[in-house]
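Student: Before we begin, could we go through this structure slowly, asking at each step what the words rest on?

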Amino acid sequence: MELLLTVAKKTTIYDIAKELNITVSTVSRALNNISSISDSTREAVVAMAKKMNYRPNKVASSLTSGKTYIIGVIVPSAQIHFFATVVHALEKYLKRFGYSIILYQSNESLESEQRGVDTLLEAQADGIIASLSLETDEVSHFEKVKEEGKPLLIFDRTHDLLRSPSVTIDDEYAGYMATKHLIDQGYRKIAYITTTHQIKIFQERYAGYQRAIKEAKLKLRPEFIILGDLSVDGGFIGTNQLLQEKDRPDAIIGGDDFVALGIIKALHKHEITPPTIGVIGFANQSFSEHIIPSLTTIDQQAVQMGNECAKLFLKLLDKSKAIAPDEQVVLTPLLLERESTKK
């Protein structure tokens, strides 16, 4: 007994054109939302395409246009609320212009980030948008993107050696704002727990901390600066170290909200409840307003950052628009005052 298999024929734009008795070019322009096509024709083409289960052949389209309409996005971790929010806003904005994204997580690893760049280039992505890992101390892998003539945009975590358009917040001002807020609340012995990694945004936040301390004519105390992991454990260990000081700090800044969560956890262990010792973080993670006490933090404008990344990247893709190789969009951070610093 013979088993005959039939494979359903894939609908093409030629089939749609035949059904509607219009030209193939008209169908193509309607599906690509070209303004010269009337609304009635566009609606008829879209309706017929849906009825016939038409799916565009992106491979064939890319061979013709040289574009895949796919953008690679590299983030340190999609589990971090800030990065997840940026990506969500970015994808939503780009989708309006027909672009999809491929998301790659470096998991804070330079080696993984390097593989991510290679993977996205092999996938023929039209360009790459990236935020650097904590381990990224050299950027030759990103130079490959530019060597292939594809646009590269860096957001949030940048690098001085990487001359590329970027979208960031004013991190020096963020560090200044956090410290100034504590000073305005009456705190005078302000400690800082941050990462050992020499990532630009954390260096700038620390510079802002130093500026606020000096401006208030307070003493910069080396024993109050703890370098460790950017994690809950890092905040917990660093706080235990600070509480062993004979002259304890009366406020502690966490390098991010996870560090700040570790700070609060350690203070609870020592039966200290903020704002007895004030605590502030960065990033406005989703848990920040729900823990007890709720965490004062610096909001990094994640939604706006995603939107600005999309806008700038679309300009980079448009060869008719002149963009400086190191054009920067710098957003203003926002202070969200909550219970952990409110005396």
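**Reading the labels with care**

Tutor: In this predicted model, helix α5, residues 81–95, lies across β1, β2, β3 (128–130) and β4 (152–155), and runs at about 170° to β1.

Student: How do you know that β1 and β2 pair, and in which direction do they run?

Tutor: Two strands pair if there are at least two bridges between them; strand β1, residues 70–75, is joined to β2 by six bridges, and the two run parallel. Within this pairing, G72 stands opposite I102 of β2.

Student: What makes β2 and β11 the edge strands?

Tutor: The open sheet has six strands, with parallel pairing, in the order β2-β1-β3-β4-β5-β11. Strands β2 (100–105) and β11 (328–331) each pair on one side only, and this makes them the edges.

Student: Why is E172 called partly exposed?

Tutor: Buried means under 20% relative accessible area and exposed means over 50%; E172 has 23% relative accessibility, and therefore counts as partly exposed. This residue sits in helix α8, residues 171–184, and, leaving aside neighbours within four places in sequence, is in contact with E204, A207, G208 and R211.

Student: How do you know that the length of α11 is close to what is expected?

Tutor: Helix α11, residues 257–269, has 13 residues and reaches 18 Å from its first C-alpha to its last, while 18 Å is expected at 1.5 Å a residue.

Student: What caps the N-terminal end of α11?

Tutor: The cap is D256, with a side-chain oxygen 3.1 Å from the backbone nitrogen of F258, and a polar contact requires such atoms to be within 3.5 Å.

Note on methods
Residues are numbered from 1 along each chain as its sequence is written. This is a predicted model: local features need pLDDT of at least 70, side-chain atom pairs count only at pLDDT 80 or more; totals for chains, interfaces and linings use all residues. Side-chain values use heavy atoms; hydrogens and water are left out. Helices (H or I, at least four residues) and strands (E, at least two) are DSSP runs, numbered from the N terminus. Buried means under 20% relative accessible area, exposed over 50%, partly exposed in between (1.4 Å probe, protein chains only). Contact means heavy atoms within 4.5 Å. The expected span of a helix is 1.5 Å times one less than its number of residues. A polar contact is a pair of N or O atoms within 3.5 Å; within protein, one must be able to donate a hydrogen and the other to accept it, and residues adjacent in sequence count only if both atoms are side-chain atoms. Axes are lines fitted to C-alpha atoms, for helices over the stretch in contact, and angles run from 0 to 180 degrees between N-to-C directions.
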